[in-house]
Amino acid sequence: MTSRLPLFLALCLALPGLAFAQNLKPLPNPDLSKLTPAQNSELREARVTFDTSKTGRSGGDLADLYAELGGFYARAGLLDAADIAFENASLLMPDDDRWQYLRGILARDRGQQAQARGFFEKAFKLNPMYLPTRMVVAADRLKAGDVPGARKLLDEQLVAHPDEPTAHALLGEIDIREKKYADAARHLRAALKVDSQATSLYRLLSVAEEGAGNAKAAADAKARIGDGSLHLEDAVRRRVASQGSGPQQVPAAPQLDVRMMAMSDAARQASQGQFGTARPWMAC
């Protein structure tokens, strides 16, 4: 009986991994006929590498393989196959926020807004410190009318990082919505102090200054409106979007762009109290 104990313990330790492996979804071979020859070749090579490398892998190692292949599929616009790859990664590593976050991006790109919000909320619960997730969740809560919930996330961010420009910018937008124009101008100026290249923010700043009764400041802001966006570093998306090899590297597909472009005229909509999930002043 004693001699069998180590084997029994080994089996018990292996059971969770085996259960996850049994739940993994079959990964399809998507149609590559509409891709360029370079994309076709690269994706075929990536799939062969995955199929030959997954043998004997489990846990985080196998999750990384699924995620790497999911990145290739996503960058080529094969979002259904990419989502299954990221879902399998999340099944193998359920405490890793990255896979939930990436599934949120894919769901949003497929127009599945409710599913996207669910994935982003899950990712945020797993890792509330990742700024891109926090910003997406805050914007989603704002769109849903949960202004206190959105403001709470942004205020928390500024307690930890007082100079974070994206948090200041979104708080400025919220303040315009609530007609707190002086506070809005303060936040927007703080964002521009950190990132002077984000000249599109001057559009919102002009609205804030005009609402606060500062005609000259509003005119100055209007004169400085440009196309520059705040840059929000997104290491998770960048890792997925940068996979490739040499001169045949597949360009990052628009489906992986989390720029959140929803408002065609931020100042006009802001002044009318209309706000979307996307911020034209922010790029990732």
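**Note on a predicted helical model**

1. In helix α7, the buried residues are Leu 131, Pro 132, Thr 133, Arg 134, Met 135, Val 136, Val 137, Ala 138, Ala 139, Asp 140 and Leu 142. Helix α7 is thus mostly covered, with 11 of its 13 residues buried. The covering comes from α5, α6, α8 and α9, against which the buried residues of α7 pack. From its first C-alpha to its last, α7 reaches 18 Å, close to the 18 Å expected at 1.5 Å a residue. After α7 comes Gly 145, which has a positive phi, near 90 degrees.

2. The chain contains 14 helices and 2 strands. It has 284 residues, of which 48% count as buried. Among contacts with a separation of 6 or more, 58% are between residues 24 or more positions apart.

3. At the start of α8, a side-chain oxygen of Asp 146 comes to within 2.9 Å of the backbone nitrogen of Gly 149.

4. Which residues of α8 are buried? They are Val 147, Gly 149, Ala 150, Arg 151, Leu 153, Leu 154, Gln 157 and Leu 158. The elements that cover them include α6 (113–126), α7 (131–143), α9 (165–177) and α10 (181–194).

5. The packing of α8 with α9 deserves a separate point. Two packed helices are described by the angle between their axes and by the distance between those axes. For α8 and α9 the angle is about 145 degrees, and the axes are 10 Å apart. The crossing of α8 past α9 is left-handed. On the α8 side, the residues that meet α9 are Val 147, Ala 150, Arg 151, Leu 154, Asp 155, Gln 157 and Leu 158. Their partners in α9 are Ala 167, His 168, Leu 170, Leu 171, Ile 174, Asp 175 and Arg 177.

6. Lys 179 is placed in the loop between α9 and α10. Although Lys 179 is not a glycine, its phi is positive, at about 60 degrees. Is Lys 179 buried or exposed? Its relative accessible area is 59%, and a residue over 50% is exposed, so Lys 179 is exposed.

7. The aromatic rings form another topic. A pair of aromatic rings is described by the distance of the centres and the angle of the planes. The structure holds 3 aromatic pairs. In one of them, the ring centres of Tyr 101 and Tyr 130 are 5.7 Å apart and the planes stand at 80 degrees, so the pair is edge-to-face. Tyr 101 belongs to helix α5 (residues 97–109) and Tyr 130 to the loop between α6 and α7, so this pair ties together parts that are 29 residues apart in sequence. Tyr 101 and Tyr 130 are both buried. Ring pairs also bring in Phe 120, linking Tyr 101, Phe 120 and Tyr 130 into a cluster.

8. Val 236, in helix α13 (residues 235–241), touches both tyrosines of that pair. Leaving aside neighbours within four places in sequence, its contacts are Arg 98, Tyr 101, Leu 102 and Tyr 130. The relative accessibility of Val 236 is 12%, and under 20% counts as buried, so Val 236 is buried. Its C-alpha atom is separated by 9.1 Å from that of Trp 99, although these residues are 137 residues apart along the chain.

9. Phe 86 is found in helix α4, and with a relative accessible area of 0% it is buried. Beyond its neighbours within four places in sequence, Phe 86 is in contact with Ala 67, Gly 70, Gly 71, Trp 99, Leu 102, Arg 103, Leu 106 and Val 240. The C-alpha atoms of Phe 86 and Tyr 66 are separated by 6.5 Å, and the two residues are 20 residues apart along the chain.

10. Ser 90 also lies in α4, which comprises residues 79–92. Its relative accessibility of 8% places Ser 90 among the buried residues. What does the side chain of Ser 90 reach? It reaches the backbone oxygen of Glu 87, at 2.6 Å. Not counting residues up to four places away in sequence, Ser 90 touches Trp 99 and Gln 100. Trp 99 is also among the contacts of Phe 86.

Notes. Residues are numbered from 1 along each chain as its sequence is written. This is a predicted model: local features need pLDDT of at least 70, side-chain atom pairs count only at pLDDT 80 or more; totals for chains, interfaces and linings use all residues. Side-chain values use heavy atoms; hydrogens and water are left out. Helices (H or I, at least four residues) and strands (E, at least two) are DSSP runs, numbered from the N terminus. Buried means under 20% relative accessible area, exposed over 50%, partly exposed in between (1.4 Å probe, protein chains only). A polar contact is a pair of N or O atoms within 3.5 Å; within protein, one must be able to donate a hydrogen and the other to accept it, and residues adjacent in sequence count only if both atoms are side-chain atoms. Contact means heavy atoms within 4.5 Å. Rings of Phe, Tyr and Trp (its six-membered ring) pair if their centres lie within 6.5 Å; planes under 30 degrees apart count as stacked, over 60 as edge-to-face and the rest as tilted. Axes are lines fitted to C-alpha atoms, for helices over the stretch in contact, and angles run from 0 to 180 degrees between N-to-C directions. A crossing is left-handed if the near helix is turned anticlockwise from the far one by less than a right angle, and right-handed if clockwise. The expected span of a helix is 1.5 Å times one less than its number of residues.
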